[in-house]
Amino acid sequence: MKTILSLAAIASIASGALADIQDPPSNDYGPTRKLGRGISNFVWAPTEFFVTVNQVNQTEGNSAGASYGVVRGLGRSATRHVAGLIDIPYIHAGYPEFPPEVGNESKYPYVRDSHQDFN
């Protein structure tokens with residue numbers, strides 16, 4: 001029984017190492033992320049309507065939520081649907097998720113480490 005448990009532990013550790021090799025760090029923000037973003041935008045777009053109406057209702061009142069919030073929620077929901085539909089078939093084209101910055105200092109062009117020690 002100890003042999004089976006130790007082999008299972010070794011196999012689980014080895015499978016984790018294999019997964020790291022199959023998904024390199026440079027693939028974090030590639031076509032698969034754009035495809036996932038497109039699918040999630042398309043699927044969760046209807047929730048944008050309710051969230052926007054709720055936000056307008058809380059900040060500006062009931063009448064604004066019932067009029068302006070509904071129009072704004074429909075617009076944001078439709079925009080999210082269209083953005084999702086555009087992202088899904090064109091995963092290798094279009095703009096990147098985060099545009100590059102001049103003088104980037106990290107692996108990802110949109111992240112800056114502000115906690116560097118300058119000793």
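**Salt bridge, E48 and R76.** I started with the side chains of E48 and R76, which meet in a salt bridge at 3.3 Å, N to O. The rule I used: a side-chain nitrogen of Lys or Arg within 4 Å of a carboxyl oxygen of Asp or Glu. This pair links distant parts of the chain, with E48 in helix 2 and R76 in helix 4 (residues 68-87), 28 residues apart. Helices here are DSSP runs of H or I with at least four residues, strands are E runs of at least two, and numbering goes from the N terminus.

**Ground rules.** I kept in mind that this is a predicted model, where local features need pLDDT of at least 70 and side-chain atom pairs count only at pLDDT 80 or more, while totals for chains, interfaces and linings use all residues. Residues are numbered from 1 along each chain as its sequence is written, and side-chain values use heavy atoms, with hydrogens and water left out.

**Second bridge.** I then found E48 in a salt bridge with R80, the closest N and O atoms being 3.1 Å apart. E48 sits in helix 2 and R80 in helix 4, so this pair ties together parts that are 32 residues apart in sequence. The count comes to 2 salt bridges, and E48, R76 and R80 are linked in a network of them.

**Burial of the three.** Buried or exposed? I checked E48. E48 counts as buried because its relative accessibility is 11%; the cut-offs are under 20% relative accessible area for buried, over 50% for exposed and partly exposed in between (1.4 Å probe, protein chains only). R76 is partly exposed at 35%, and so is R80 at 30%.

**Neighbours of E48.** Leaving out residues up to four places away in sequence, I see E48 touching G73, R76, S77 and R80 (contact: heavy atoms within 4.5 Å).

**Aromatics.** I searched the whole structure and got 1 aromatic pair. The ring centres of F49 and F50 are 5.2 Å apart with planes at 80 degrees, so I logged the pair as edge-to-face. Rings of Phe, Tyr and Trp (its six-membered ring) pair with centres within 6.5 Å; planes under 30 degrees apart are stacked, over 60 edge-to-face, the rest tilted. F50 counts as exposed, at 58% relative accessibility.

**Whole chain.** I count 4 helices and 0 strands, in the pattern α-α-α-α along the sequence. Of the 119 residues, 13% count as buried. For contacts with a separation of 6 or more, residues 24 or more positions apart account for 67%.
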